[in-house]
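Keep the sequence and the 3D view side by side.

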Amino acid sequence: MLPPIRPDSAEPGREDWFAEPAYAGCQQRYRVLQRLHAQTTPWQSLEVLELEGPGRALILGGTLQTSVNEEFTYHEQLVHIPMFAHANPHRVLIVGGGDGGALRHVLLHQGVDRALEVEIDQTVVEVSLRFLPEISGGAYSDPRAELKIQDGAQFLAETSERFDVILIDSTDPVGPAAALTSDEFLRNAHRGLAPGGLIAMQSGSPISQPREWLSTVRAFKREFRIVKPYLGYVPIYPAMLWSWVVGSDEVDPTSFDEVSVRSRLDGLGTELRIYNPGLHRAAFALPNFVQALLKLIDRDEAPTAAHLRAAGHPLPGVLA
Ligand code: SAM
């Protein structure tokens, strides 16, 4: 039985906890073993905490982003499903991703000859390299990698480069990331795709953030011919069931050549801990209530608790 939730303050002799924002009367919290770093950058508050389960963790804007022990649960889903859905990706753009995890996973693909990360907040990269170097694992020194400190929305509005895969590895759509689900941004990202290209983005949780999830999928449907949401589990995120969405005009990410994927997997030179061809297929198999929620996507206003309940949402009182 967990002791009652206490404030985060680490008073002597009292346990120290980090609590995620609550949703539908639920709240995930993590016992803090050590508070390693805290500062406010020009873009967001930033902390590094040593947490009992996840290990050293990056917190931005008061929400857990990633940690050395469980980063793979998020980065493998964001990166390898679109990368293996593309027949032969060479040029990859990552918007955000300042912890370097997505960059490290992209560079596992030997066919990649250019991986550009456009991150708005240099401090995130610097602090991640200092406290969480395992997550980038040397990716920033790879000759194929380039780091650009810039607003990803501005970069895509101005670039004439074309990419085979674009990954939006951003914080939740507030603050500097608010622009990253706008129609204008997705139009510019669409223009930034080479023929046969795909874009993938983290889209929040259908459980703890159903409205955010639906509005991101809806924005993708306004821009791309083929839009496929997919699911996975990220233990440190609210409700753990997380989602990503792929958009493309030519490629259906649910159909891929398994023989070629298996040989490309061998070529990664490392054992992945989530991704395999069966999981790739299964990630797009949506539970019935998630499919029912998707039917709400054409409503202009956000679904009410009654809509969520009617769709069979397990926590219909959820507010986000
Ligand atoms: N990789 C993390 C994970 O496992 O969930 C995702 C978080 S990553 C640290 C999110 C990054 O997106 C942050 O470093 C943040 O500064 C960056 N970001 C937010 N808005 C941005 C924008 N408009 N352009 C570029 N980067 C942005």
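Q: Which residue forms a salt bridge with Arg56?
A: The model is predicted. A salt bridge needs a side-chain nitrogen of Lys or Arg within 4 Å of a carboxyl oxygen of Asp or Glu. For Arg56 the closest N and O atoms of the pair are 2.6 Å apart. The partner is Glu134.

Q: Into which domains is the chain divided?
A: Look at residues 17–67, then at residues 71–308. The C-alpha centres of the two parts lie 22 Å apart. The stretches are domain 1 (17–67) and domain 2 (71–308).

Q: How many residue pairs are in polar contact across the interface of domain 1 and domain 2?
A: Both residues of a pair must be at pLDDT 80 or more. With that condition, the number of pairs is 12.

Q: Which strands each supply at least two residues of the side of domain 1 that touches domain 2?
A: That side divides into 11 nonpolar, eight polar and two charged residues. Four stretches qualify as suppliers: 29–40, 45–51, 55–60 and 63–67. They are strands E2, E3, E4 and E5.

Q: How much area do domain 1 and domain 2 bury between them?
A: Carbon and sulfur atoms carry 63% of the buried area. The area itself is about 2,000 Å².

Q: Is Arg104 buried, partly exposed or exposed?
A: Arg104 is found in helix H2, residues 101–107. Among its contacts beyond four places in sequence is Glu134. Buried means under 20% relative accessible area, and exposed means over 50%. Arg104 has 22%, so it counts as partly exposed.

Q: Which parts of the chain does the pair Asp16 and Arg35 tie together?
A: Asp16 forms a salt bridge with Arg35, with the closest N and O atoms 2.7 Å apart. The two lie 19 residues apart in sequence, so the pair ties together two separate parts. Those parts are the segment before strand E1 (17–19) and strand E2.

Q: How far apart in the chain are Arg31 and Glu52?
A: Arg31 forms a salt bridge with Glu52, and the closest N and O atoms are 2.4 Å apart. Arg31 sits in strand E2, while Glu52 sits in the loop between E3 and E4.

Q: Which residues are linked with Arg31 in a network of salt bridges?
A: Arg31 is partly exposed, at 25%. Glu52 is also partly exposed, at 46%. The residues linked with Arg31 in the network are Glu15 and Glu52.

Q: Are Arg144 and Asp142 buried or exposed?
A: Arg144 forms a salt bridge with Asp142. The closest N and O atoms are 2.9 Å apart. Arg144 and Asp142 are both buried.

Terms used:
Residues are numbered from 1 along each chain as its sequence is written. This is a predicted model: local features need pLDDT of at least 70, side-chain atom pairs count only at pLDDT 80 or more; totals for chains, interfaces and linings use all residues. Side-chain values use heavy atoms; hydrogens and water are left out. Domain bounds come from an automatic or database domain assignment. Buried area is the accessible area (1.4 Å probe) that two parts lose on being put together, summed over both. A polar contact is a pair of N or O atoms within 3.5 Å; within protein, one must be able to donate a hydrogen and the other to accept it, and residues adjacent in sequence count only if both atoms are side-chain atoms. Ala, Val, Leu, Ile, Met, Phe, Trp, Tyr, Cys and Pro count as nonpolar, Asp, Glu, Lys and Arg as charged, and the others, Gly among them, as polar. Buried means under 20% relative accessible area, exposed over 50%, partly exposed in between (1.4 Å probe, protein chains only). Contact means heavy atoms within 4.5 Å.
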